[in-house]
Amino acid sequence: MHEYSLFLSLLKTIEEYLKPYEKPKISKVILSIGIYSGVDLEYLDEVIRNFKVGTLLEEAEIIFEREPLRVQCFQCGKIGEPTIQSASCPFCGSFDTKIIGGFDFILRTLEIEDEEGSPN
Ligand SMILES: [Zn+2]
C-alpha cells in the first residue's frame, strides 16, 4: 500500500510542522504529485478520505496538483516540459538534459486557521 504509507508520512510531516501551534485547524492542503511519481491519485484520494477521520486532516480541503515532467536543458539553458515520454528539450531537441520535476510527491501548501493565535 504505497499510497497509505504516503498518507502516513504526510500526516507525520504535517504534525511536525504544526507542533508550535496550540490547536491548529488546517483549512487547505495542496499536494504536488509528479506524473511519474507512481502515485495513484484516485487511490490516494480514497485512502485520505478513509483515514483522515480523527486526524489533523479531517476538515481540510485537500487539493492534488499534477506536476508535469520537467527538464532543464544544458544546451539552451531553458526549462521545459516535454510533451512526449522523453527527456529531450522541447525547445532545441537536445537530449543533454536533466530531469528536474515530475517524479516527486511534495507538500506544496499548508493553510492553517489558527484560532488560538500565533505560536508566539
Ligand atoms: Zn534546449
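## Close-up views of a predicted zinc site

A search of the whole structure finds 0 disulfides, a disulfide being a pair of cysteine sulfur atoms within 2.5 Å. The model is predicted, so that local features need pLDDT of at least 70 and side-chain atom pairs count only at pLDDT 80 or more, while totals for chains, interfaces and linings use all residues. Residues are numbered from 1 along each chain as its sequence is written, and side-chain values use heavy atoms, with hydrogens and water left out.

View 1. The SG atoms of Cys73, Cys76, Cys89 and Cys92 coordinate the zinc ion at 2.3 Å. Donors are N, O and S atoms within 2.8 Å of the metal (3.2 Å for Na, K and Ca); water is not among the atoms, so sites may look incomplete. The angles among the 4 donor atoms are 105 to 120 degrees, and the site is tetrahedral (four donors with all angles between 85 and 135 degrees).

**View 2. The donors along the chain.** Their spacing is C-x2-C-x12-C-x2-C. Cys73 lies in strand E3 (residues 70-73) and Cys92 in the loop between strand E4 (79-80) and strand E5 (97-101), so this pair ties together parts that are 19 residues apart in sequence. Strands are DSSP runs of at least two residues, numbered from the N terminus. A "binding site" feature is placed by UniProt, in an unreviewed entry, at Cys73, Cys76, Cys89 and Cys92; such annotations may be inferred rather than shown by experiment. These residues span 20 positions in sequence, yet no two of their C-alpha atoms are more than 8.6 Å apart, so they gather at one spot.

View 3. Cys73 is buried at 2% relative accessible area, and Cys89 is buried at 3% (buried means under 20%, exposed over 50%, partly exposed in between, with a 1.4 Å probe and protein chains only). Cys76, at 35%, is partly exposed, as is Cys92 at 43%. Beyond neighbours within four places in sequence, Cys73 is in contact (heavy atoms within 4.5 Å) with residues including Lys78, Ser94 and Asp96.

**View 4. The open antiparallel sheet.** Three strands are arranged in the order E4-E3-E5 with antiparallel pairing. E4 and E5 stand at the edges with a single partner strand each, so one side of each is left without a neighbour in the sheet. E3 and E4 pair over 2 bridges (pairing requires at least two DSSP bridges), and Gln72 has Ile79 in E4 as its bridge partner.

How values were computed. Tetrahedral: all angles 85-135°; square planar, octahedral: opposite > 155°, others 65-115°. Helix = DSSP H or I, 4+ residues; strand = E, 2+ residues; numbered from the N terminus.
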